[in-house]
Amino acid sequence: MNPYRLRAYILLIAVSVIWGIAAPVIKFTLRGIDPISFLTYRFFLAAVLGIAFVLLFARSHLTLLKHNSTQIFLYSLFATVISLGLLFLGLERTTVLDAVLIGTVAPLVTAISGVLFLKERITNREKVGISIAFLGALITVIEPILSKANDLFQLTGNLFVIGYLLTNGYASVLAKKLVRRDIEPFTLSNISWIVGFLAIFLVMLVKSTPAELVTKISGLSLPYHLGVIYMAFISGTLAYSLWIKGQKTIEVSEAGVFAYLLPVFSAPLAVFWLGEKITFPFIVGAIFITIGVIIAEYKKKLK
């Protein structure tokens, strides 16, 4: 296997683990703080690190950054405040299991985005793998939906999660274009948190004052602070940088398939930590998802 491709796979697996843990962390932390305040606090922490990084390391790339400023601004909005805002609003209303199950269609959205905007191609092997993984998604999604009574609040949450998938898919395309123009992944990630903080701060001002936000944050217990810190630095700055770097050397559609791994890490935490219930169809679906990922990602090196 090409060593660059292997490194990309390792990076994207690491991101899958981090983001798989993230959904339960978000759900838990939302018990202590509302989504807008949570995002403002999170983006502030990430932005502080981002400003320090840009001042120390990105000044030599200012010309390159200026030439791509519009695309960088769009990526920052879609990758942070828009997509994550929709995700947080969704997780406030629905379960982690439902959100993760809906999220298994993310690779399909990403693959379509890659084909439409980047003229990428999907190999027959990837089509087979994605199809099997999608079958797994259907198995896990159908039973919970049919077994639940009509819940408009939870339905709204599911729709927010779908919105997250669409906006995140577009952000993937923008990130791919920018790294092809030699924008450093870590630089792009840190700039996005700065832009994200400025945007979410303006949204927060519509709902409350800075003093009220400080009061909310200072009143949080330690576990909720740790949840925000995890989302800011581990799931945020670190994971986004690894994600952008990992997809640099492989197709967007191929990188997106790793989203199928998220339930493997999210589901156990949702069950044992948050007390959510897992069903037999979910287990069967997870098996299909894993098989699909293996088929889609395994490539024999031709000699």
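Let's start with helices α4 and α11: they are oblique to each other. This is a predicted model, so keep that in mind throughout. How close do the axes of helix α4 and α11 come, and at what angle do they cross? They come within 14 Å and cross at roughly 130°. The cut-off for roughly antiparallel is over 145 degrees, and the crossing falls in the oblique class instead. Helix α4 covers residues 69-93. As for handedness, α4 passes α11 in a right-handed crossing.

Which residues make the contact? From α4 we have Y75, A79 and L84. From α11 we have Y240, W243 and I244. By class, the contact of α4 with α11 has 6 nonpolar residues, no polar ones and no charged ones.

Now stay on α11, and bring in α1. Helix α1 is residues 3-29, and helix α11 is residues 222-246. The axes of these two helices come within 9 Å. They cross at roughly 155°. That angle makes α1 roughly antiparallel to α11, because the class takes angles over 145 degrees. Is the crossing left-handed or right-handed? Helix α1 passes α11 in a left-handed crossing. By class, the contact of α1 with α11 has 22 nonpolar, 4 polar and 1 charged residues.

Why quote an angle and a distance each time? Because two packed helices are described by the angle between their axes and the distance between the axes.

Next, the aromatic rings. The count comes to 12 aromatic pairs. Which residues do ring pairs link into a cluster? They are W19, F43, W193, Y240 and W243.

Let's look at one residue, T167. It lies in helix α8, residues 152-180. Is T167 buried or exposed? T167 has 13% relative accessibility, so it counts as buried. The cut-off for buried is under 20%. What does T167 touch, leaving aside neighbours within four places in sequence? T167 is in contact with F78, I82, S83 and L86.

Finally, step back to the whole chain. The protein chain has 14 helices and 0 strands.

Key
Residues are numbered from 1 along each chain as its sequence is written. This is a predicted model: local features need pLDDT of at least 70, side-chain atom pairs count only at pLDDT 80 or more; totals for chains, interfaces and linings use all residues. Side-chain values use heavy atoms; hydrogens and water are left out. Axes are lines fitted to C-alpha atoms, for helices over the stretch in contact, and angles run from 0 to 180 degrees between N-to-C directions. Helices (H or I, at least four residues) and strands (E, at least two) are DSSP runs, numbered from the N terminus. Angles under 35 degrees count as roughly parallel, over 145 as roughly antiparallel, 65 to 115 as roughly perpendicular and the rest as oblique. A crossing is left-handed if the near helix is turned anticlockwise from the far one by less than a right angle, and right-handed if clockwise. Ala, Val, Leu, Ile, Met, Phe, Trp, Tyr, Cys and Pro count as nonpolar, Asp, Glu, Lys and Arg as charged, and the others, Gly among them, as polar. Rings of Phe, Tyr and Trp (its six-membered ring) pair if their centres lie within 6.5 Å; planes under 30 degrees apart count as stacked, over 60 as edge-to-face and the rest as tilted. Buried means under 20% relative accessible area, exposed over 50%, partly exposed in between (1.4 Å probe, protein chains only). Contact means heavy atoms within 4.5 Å.
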